[in-house]
Amino acid sequence: MTTTPLAPPVAGTGTALLRRLREPAPPRPERCAFCGLDLPSEHRHLADTEERALVCACVACALLLQQPGAGAGRYRGVPRRYLSDPRHALADADWEALQIPVSLVFLLHNAVLDRWVALYPSPAGPAESELDPAAWQSVLDRTGLARMLEPDVEALLLRRTEDGTTSCHLVPIDACYELVGRMRRHWQGFDGGAEARAELDAFFERLAALATPLREGSDEL
Ligand SMILES: [Zn+2]
Ligand SMILES: [Zn+2]
């Protein structure tokens, strides 16, 4: 499988904002969606803004499709940067106001709808938040990462830990869907259980090694 829906049908409103992910676990090796070439496990992904899906691409096709005029701007390369905001802080009351039933949420900006969408993992794949946009705006205003995020291809990732702190990262959207897919495969019980938590811990260990911290007092790195 080379495509994964990443965003809602354009006509969607309210509860229809996001389609569910298809079952993850793509066959290995994955193939370039354009020329059929077998791909290494590390390869580029493009966001197909018409089909609202992620597609796998070889280097040559990824470069070609991102040329001005080629694909008429339909395909956008998913960036590979990972950023963190070490000074991000969220009080208990602010986190509770978001009414996220798990300790993790992704915030995506949909360019077509020009709105932010909140996604969090659940046994059935990503679930969508039905929140008051004002509640989210106060969260977005707290981090320079929200202003740096590229619509449709990057996500803000917030994680609440047991000591009551909230970490804030900017991650490529394919990494976000991979994490939700992994958690879904290992999910047990009400809160995901030990295996889903282990997937989460492993992901955040990699993130800690990869992420570049935002410099103090600016939106710069
Ligand atoms: Zn190709
Ligand atoms: Zn792929």
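Start with α3: its buried residues pack against β6 (104-110), β7 (115-120), α4 (145-148) and β9 (154-160). Here buried means under 20% relative accessible area, with exposed over 50% and partly exposed in between (1.4 Å probe, protein chains only). Packing is judged by contact, meaning heavy atoms within 4.5 Å. Helices (H or I, at least four residues) and strands (E, at least two) are DSSP runs, numbered from the N terminus.

This is a predicted model: local features need pLDDT of at least 70, side-chain atom pairs count only at pLDDT 80 or more, and totals for chains, interfaces and linings use all residues. Residues are numbered from 1 along each chain as its sequence is written, chains are lettered from A and ligands numbered from 1 in the order in which they are written, and side-chain values use heavy atoms, leaving out hydrogens and water.

**Stop 1: helix α3.** Select residues 133-140. Ala135, Trp136, Val139 and Leu140 are buried. Look down the axis of α3: these buried residues fall within an arc of 140°, so they line one face of the helix. The arc is that of the directions from the helix axis to the C-beta atoms.

**Stop 2: Glu154.** Move to strand β9, where Glu154 lies. Glu154 is buried, with a relative accessible area of 0%. Show Arg81 next: its side chain makes a polar contact with the side chain of Glu154 (2.7 Å). A polar contact is a pair of N or O atoms within 3.5 Å; within protein, one must be able to donate a hydrogen and the other to accept it, and residues adjacent in sequence count only if both atoms are side-chain atoms. Then show Glu150, whose backbone nitrogen lies 2.8 Å from a polar atom of the Glu154 side chain. Beyond four places in sequence, the contacts of Glu154 include Pro79, Leu108, Met148 and Ile173.

**Stop 3: the zinc ion (ligand 1).** Select Cys32, Cys35, Cys58 and Cys61: their SG atoms are the protein donors, 2.3 Å from the ion. Donors are N, O and S atoms within 2.8 Å of the metal (3.2 Å for Na, K and Ca); water is not among the atoms, so sites may look incomplete. The site is tetrahedral, with angles of 100 to 117° among its four donor atoms. Four donors count as tetrahedral if all angles lie between 85 and 135 degrees. The sequence spacing is C-x2-C-x22-C-x2-C. Cys58 and Cys61 are buried.

**Stop 4: the zinc ion (ligand 2).** Select His43 (NE2), His45 (NE2) and Cys56 (SG), which coordinate this ion at 2.0 to 2.2 Å. Their spacing is H-x1-H-x10-C. His43, in the loop between β1 (3-5) and β2 (44-48), and Cys56, in strand β3 (residues 53-57), are 13 residues apart. Both His43 and Cys56 are buried.

How values were computed
Four donors count as tetrahedral if all angles lie between 85 and 135 degrees; four count as square planar and six as octahedral if opposite donors are over 155 degrees apart and all others between 65 and 115; anything else is irregular.
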